[in-house]
Protein chains: 2
Amino acid sequence: MNREAIYHRTMLPFAYPVGEHELRLVLRAAKDDIYFSEVFYGDRYAEPGSEVSTLMRKEASDSLFDYYTVTLYTEEKRVRYFFHLSDRREDIWYSEKGFSVARPKEGLFQYPYICPADLFSEPEWIRGRTMYQIFPDRFCNGDRDNDPEGCLKWGETPKADSFFGGDLKGIIDRLDYLADLGIGVIYLTPIFKSPSNHKYDTADYYSIDPAFGDRDILKRLVSEAHRRDIKVILDGVFNHCGKDFFAFQDVVKHGASSPYKDWFNIHSFPVRAGKDPNYETFASGVYTMPKLMTHNPELREYLIKVGEHWVREVDIDGWRLDVANEIDHDFWREFRKRVKAIKPDAFIIGEVWHDSLEWLRGDQFDSVMNYPWREAVLDFFARGEIDAVGFDERVAGLRMAHSSNIWPGLVNLLGSHDTARVLTLCSDRRRAALAAVFQMTYPGLPMIYYGDEIGMEGGDDPDCRRTFIWDEEGQDNKLLNLYRQLIKLRRIFPHLSDGDYRTWHTEGNVYAYINDGIGVVINNSDEDISLRLDNFTIHRTVDILSRK
Amino acid sequence: MNREAIYHRTMLPFAYPVGEHELRLVLRAAKDDIYFSEVFYGDRYAEPGSEVSTLMRKEASDSLFDYYTVTLYTEEKRVRYFFHLSDRREDIWYSEKGFSVARPKEGLFQYPYICPADLFSEPEWIRGRTMYQIFPDRFCNGDRDNDPEGCLKWGETPKADSFFGGDLKGIIDRLDYLADLGIGVIYLTPIFKSPSNHKYDTADYYSIDPAFGDRDILKRLVSEAHRRDIKVILDGVFNHCGKDFFAFQDVVKHGASSPYKDWFNIHSFPVRAGKDPNYETFASGVYTMPKLMTHNPELREYLIKVGEHWVREVDIDGWRLDVANEIDHDFWREFRKRVKAIKPDAFIIGEVWHDSLEWLRGDQFDSVMNYPWREAVLDFFARGEIDAVGFDERVAGLRMAHSSNIWPGLVNLLGSHDTARVLTLCSDRRRAALAAVFQMTYPGLPMIYYGDEIGMEGGDDPDCRRTFIWDEEGQDNKLLNLYRQLIKLRRIFPHLSDGDYRTWHTEGNVYAYINDGIGVVINNSDEDISLRLDNFTIHRTVDILSRK
């Protein structure tokens, strides 16, 4: 047995409560190395030796490891446990103290107590919904009177600094389109006052950008969306502000005597707010985006109040948080508490492109933009870098990297305003459609980047931010219908979100899996293929692409 | 190369800041499997491929793994990194995405940003100090007027419910003894009003038990201790209260109409506060200790105010927190913030007997009672279950299980009021003395259980709670002198606390190690042994036991 491969520790993502009396345990072992794994468990205060055992299930495998899991019921909410592993040649026991050949009596793993306050709870409403990301300047122009000067014509190729006049009124006008598509959540990139088209350089956290509308229009958007059972998420940019933010301007004007000087990291005075800035910025020297010192108590309070304000004031349903990984964990803990105090089922999504476990411990975010998942999807469907086995291993590894509690909310995306579009990255439309099929039948909260559903193309930013094609002539109707059908499927089977997922079949580029009792077979190759599928009773088959 | 053994994840205890611009990385690999490990790193926003490399150092080894570590300097406070490993037959690269044979370009590990608010800081004063645990009823009787009725005679064998009359005045009387011994911190088991001798069943969190003294005497104790540069830590019991606690009595009296009913988990009314209790208790059915529902906001506020009160009111230097692992993490986060707001260098120690990483993430405790370390020490010195190699591996594994930030504060103990005494567990006095030598030359904050230094014996509770032997005839003077010398050594070399520790030599039961440049050789066998020691320039040798 490869003992060095065996891993468990009483912490995320290996041990965590999934209910008031339920503890989920995950044991990792080398792939195909173990014949069985069982866990012995009992009340921490019961007599040593009184532990009972239950078999664990091999739930998933990545390229190197098998993951054995079990959910224990504990009346007393406190568990002492250890593992018994066998590969049919050797039997070993595994406890907090390490490995032993005899059943261990002390040094056992301990989950001391399932505290109600430590339970992770996410909004019930996320199940079965599909999210839709809107870049407001490019989605729909509903009010020509508020267009910024020098707007390009709808449909022209966008440059980094182009404006097109899209606005909140435009979104309201298209809510019926979104409702018809089946969308359950819209997420808008920033809408607060700012000089740019993307508005990630906030000038005023309390005003809607006049080119997008005003507070009343936002209120109407939210209430109209809610009337259609569509939730609304806004984008909060708290890592940095724009250079026009009043506090930064005060420091520019008053230098070291400004009461706001500690909201920023100014290296010397006077402030040089242009090229070669003498203050810390977002990324490297982006002088239009001064980095905010979120550990400053006054600033922290200011920003968290912004988070509270828009939930209370216009009833939004959550926040997507920009560059969330460069802000301290304590800020997010307080942010979560304060926002959830106003709206307990608000949904909080962080922008974290890489390993995000440190933010998904239950005390900070409900979810992240799941870019590592997107990478796996592109490697299989777009780039052809991995086959079905490799793909299955990648997504399995990503599931097991997190607690199952957060699976239903993970925002699985094929693209965003920060990436090239999925269709452009795929060699053909069929591959992009298959990626969508996978996205919509995989655990989590699928997010569609506006226009992907009608077959819009676009390379890296700014090309991925083209204006929405409302002319039906320019839309891929077949793809749109597929999306509509998939979104509906997800509504009908909301527990597709949860993660009762298993691999069914892998053969070359054919990948079959079962999620919530629904078997999906994806042929990601160029040929027709005959398969023999086992271990699953098929009641009815549907070819999703052809709807036969 | 055993790839399954290789582990790193951008989280504790594998990646964490140790300074505003310093990131420590730990890579685990199978023992003796890797020839070298280097890390490539750069600014997250710099050009891909611009990463530079530095070699990692094999810092420690346990029974299965080697741990390679490095501390990186990052001007930008944000790091993208990946590893390059070689066993001289094979070269592999390791990134967030997994292993590759070519240098990876994407899917790299990312430490996004070292936020000042996320930095762990512990009191500077812990370095070089030795802690001393006092069970007040048994340490010294300084005031006979406040003795509880039915006190046994000092020196008699204690039973579970015996009282002996020790008190705070007695501790004040003996501060000179402690100062002479070199003690830098005293930790008192609970002193608040309670009917028991141990007082873990608090009746009133705001009163000193009259048998121990009163608030003024506690104030005098703290100020007299401070005058001798001795810090004072109190024991806070917030997991449960005593049955006489006013809120519980209110529920007993008024049942479901009590405003305090949600401070407890009462299964049915009326409350049956005796054998076979109908409410949740500490452990199993300990009816004198009703479990407190710390997620109740009013109770939470009540208890945290207790934490604040005694710091503000009598200037104590920290808290040791009883059954800390059965209270929710959020409670402890708030507790830490509120206590540190009053006294930033207060020291917070949780009682956690098992794996404690989840409480030692920087947001909750500064330290825990390090019982797993005690187990390793006993296995080597008392039980003879492991040899020097096994012992070295055990303590190395325990170090690597935590971030190096918390090493200096970990409360390393040979025993406590909850265990048999070290001398009783050892086969002879020499072994107990060697254990003390190890304790006092190992990283962390050593804690002496009252009387261990004079050679007191005692089996499991209540026998380990005998009265202190003040008659010098009954004291082991040689042991006391050794302790005095070791405590002084630690004062002279405060960086013994830090963890710049390496194994020097292991041979049978001889264990040699170097801590902060000080080499220690321990012969834990029954024979005289000749050794050849390498790799260390010896300036001066001292036989600590014989002081030659």
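**Notebook: salt bridges, sheets and the A–B contact**

I began with Glu224(B), which forms a salt bridge with Arg227(B), the closest N and O atoms being 3.0 Å apart. A salt bridge here is a side-chain nitrogen of Lys or Arg within 4 Å of a carboxyl oxygen of Asp or Glu. The model is predicted, so local features need pLDDT of at least 70 and side-chain atom pairs count only at pLDDT 80 or more, while totals for chains, interfaces and linings use all residues. Residues are numbered from 1 along each chain as its sequence is written, chains are lettered from A and ligands numbered from 1 in the order in which they are written, and side-chain values use heavy atoms, with hydrogens and water left out.

**Entry 1: the pair in α4(B)**

I looked up where the two residues sit. Because Glu224(B) and Arg227(B) are three residues apart in helix α4 (residues 215–227) of chain B, about one helical turn separates them. Helices are DSSP runs of H or I with at least four residues, strands are runs of E with at least two, and both are numbered from the N terminus. An α-helix has 3.6 residues a turn, so residues three or four places apart point the same way. Arg227(B) is exposed, at a relative accessible area of 62%. I use buried for under 20% relative accessible area, exposed for over 50% and partly exposed for in between (1.4 Å probe, protein chains only).

**Entry 2: Lys340(B) and Asp366(B)**

Next I checked the salt bridge of Lys340(B) with Asp366(B), where the closest N and O atoms are 2.9 Å apart. Lys340(B) belongs to helix α7 (residues 329–342) of chain B and Asp366(B) to the loop between β17 (347–350) and β18 of chain B, so the pair ties together parts that are 26 residues apart in sequence.

**Entry 3: helix α8(B)**

A further salt bridge joins the side chains of Arg374(B) and Glu375(B) (3.8 Å, N to O). Both Arg374(B) and Glu375(B) are buried. I then took the whole of helix α8 (residues 371–382) of chain B: 12 of its 12 residues are buried, so the helix is largely enclosed by the rest of the structure. The buried residues include Trp373(B), Asp379(B), Phe380(B) and Phe381(B). I listed what the buried residues of α8(B) pack against: α9 (388–400), β19, α10 (422–425), α11 (429–440), β22 (510–515) and β23 (518–523) of chain B. Contact here means heavy atoms within 4.5 Å. After α8(B) comes Gly384(B), with a positive phi near 60 degrees.

**Entry 4: sheets**

In chain B I traced an open sheet of eight strands with parallel pairing, in the order β18-β17-β16-β15-β12-β11-β20-β19. Its edge strands, each pairing on one side only, are β18 (367–368) and β19 (411–413) of chain B. Strands count as paired if DSSP finds at least two bridges between them. Within this chain, β11 (residues 131–134) and β12 (residues 185–188) of chain B pair in the parallel sense over four bridges, and Ile134(B) stands opposite Leu188(B) in β12(B).

In chain A I looked at strand β18 (residues 318–321). Gly318(A) and Arg320(A) point one way, Trp319(A) and Leu321(A) the other, and all are buried. Strand β15 (residues 231–236) of chain A runs parallel to β18(A) and is joined to it by four bridges; Asp235(A) has Arg320(A) as its bridge partner. β18(A) also pairs in the parallel sense with strand β19 (residues 347–350) of chain A over four bridges, and there Arg320(A) stands opposite Ile349(A).

**Entry 5: the A–B contact**

Chain A and chain B each bring 61 residues to the contact. They bury about 4,900 Å² between them, 50% of it on carbon and sulfur atoms. Glu4(A), Arg9(A) and Glu326(A) supply 13% of the area that chain A buries against chain B, more than any other three residues. Buried area is the accessible area (1.4 Å probe) that two parts lose on being put together, summed over both.

I counted 14 salt bridges between the chains. One of them joins the side chains of Glu280(B) and Lys77(A) (3.2 Å, N to O). For the whole structure, the search gave 124 salt bridges over all chains.
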